[in-house]
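Thanks for taking a look at this one with me. My notes are below, point by point, for you to read beside the model.

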Amino acid sequence: TPTSTPTPTPQPVLQTATLEVAQGGAAVLRVSAVAASAVATFEERAIPLSAKSDGFWGVVGVGADHASGSFPLTVTFFDDAGASFGTMTGTVVVYDRDYPVEFLYLDPDTSSLLDPALSAQEQAVRSSIFGAVTAERLWSGTFLYPSTGPISSPYGIGRSYNDGPVTGFHHGTDFQADEGGLVVASNAGRVVYADALPIRGLSVIIDHGAGVFTGYHHLSGATVSVGQSVAPGDLVGYVGASGLATGSHLHWELVVNGVEVDPILWTVDEYGP
């Protein structure tokens, strides 16, 4: 009786072995593989990958202050028991993007919010939120602008406070708007935070799945609660000047696996499997 030859298990393949992205941008990693799960690691940051028909996918983001050059990315595969059984290595090529510097002048009361302890407190809350990844992609298509006001300060601008050195960059996009102006969800998702932060003020954060979140900050009021599902264009709050703000405006952020990227790019291009 002839013996049957077992079908070999397909070997994993990085469909995007080289990701090219400008500072502040994001790129989609796609992997063909047979495995129970997979996790990418980039810059010591774990990126859980979501399942797709022939493997896995995920979004890799780089901040505006990331160095340019070529950097390794590793994908690790796991079996049903949670044991790793193989890795593959790709490359992320980061290109320079020329960001200007703006000089901000704060009164003593507002300057007190620059206290490193407050920053650490806020970062701890944000890290907890962004560390809880929903595997399923909840969004579709491109993202909406959350405000009808004009953009007053784009993502990536270097920040100097009261003539001090540049200490960071603008992590989101600001929209000029009067107190009480409407703020809407930029895409479908689930509300995971609706409360005050020391620096960003009253905030709503939406989980869009696959490690992607949007944040709506410095609000005067919120109209949603944690656990609530939202559709694109749903009202989530009102423009304000809470937290570290020099005036009434909306600060909008898009965070990919813990990294703030340029949200305007997501209004032009769709990121998905």
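1. Ser32 stands opposite Gly55 in S7. Strands here are DSSP runs of E of at least two residues, numbered from the N terminus. S7 covers residues 55-61 and runs antiparallel to S3, with seven bridges joining them; strands are said to pair if DSSP finds at least two bridges between them.

2. On its other pairing, S3 meets strand S1 (residues 13-14) in the antiparallel sense over two bridges. Here Leu14 has Val31 of S3 as its bridge partner.

3. Strand S3 (residues 26-32) is largely enclosed by the rest of the structure, because six of its seven residues are buried. Buried means under 20% relative accessible area, with a 1.4 Å probe and protein chains only.

4. Please also look at Thr214, in strand S18 (residues 212-222). Thr214 counts as buried because its relative accessibility is 1%. Its side chain makes a polar contact (N or O atoms within 3.5 Å, one able to donate a hydrogen and the other to accept it) with the side chain of His208, at 2.7 Å. Beyond its neighbours within four places in sequence, Thr214 has contacts (heavy atoms within 4.5 Å) that include Phe143, Ser186, Trp252 and Leu254.

5. A word on confidence: the chain averages a pLDDT (the predictor's confidence in each residue, from 0 to 100) of 89, and 87% of the residues score at least 70. Over residues 4-9 the pLDDT is below 50, and this stretch has one contact in the model beyond near neighbours in sequence.

6. This is a predicted model, in which local features need pLDDT of at least 70 and side-chain atom pairs count only at pLDDT 80 or more, while totals for chains, interfaces and linings use all residues. Residues are numbered from 1 along each chain as its sequence is written, and side-chain values use heavy atoms, leaving out hydrogens and water.

Technical notes: Helices (H or I, at least four residues) and strands (E, at least two) are DSSP runs, numbered from the N terminus. Buried means under 20% relative accessible area, exposed over 50%, partly exposed in between (1.4 Å probe, protein chains only).
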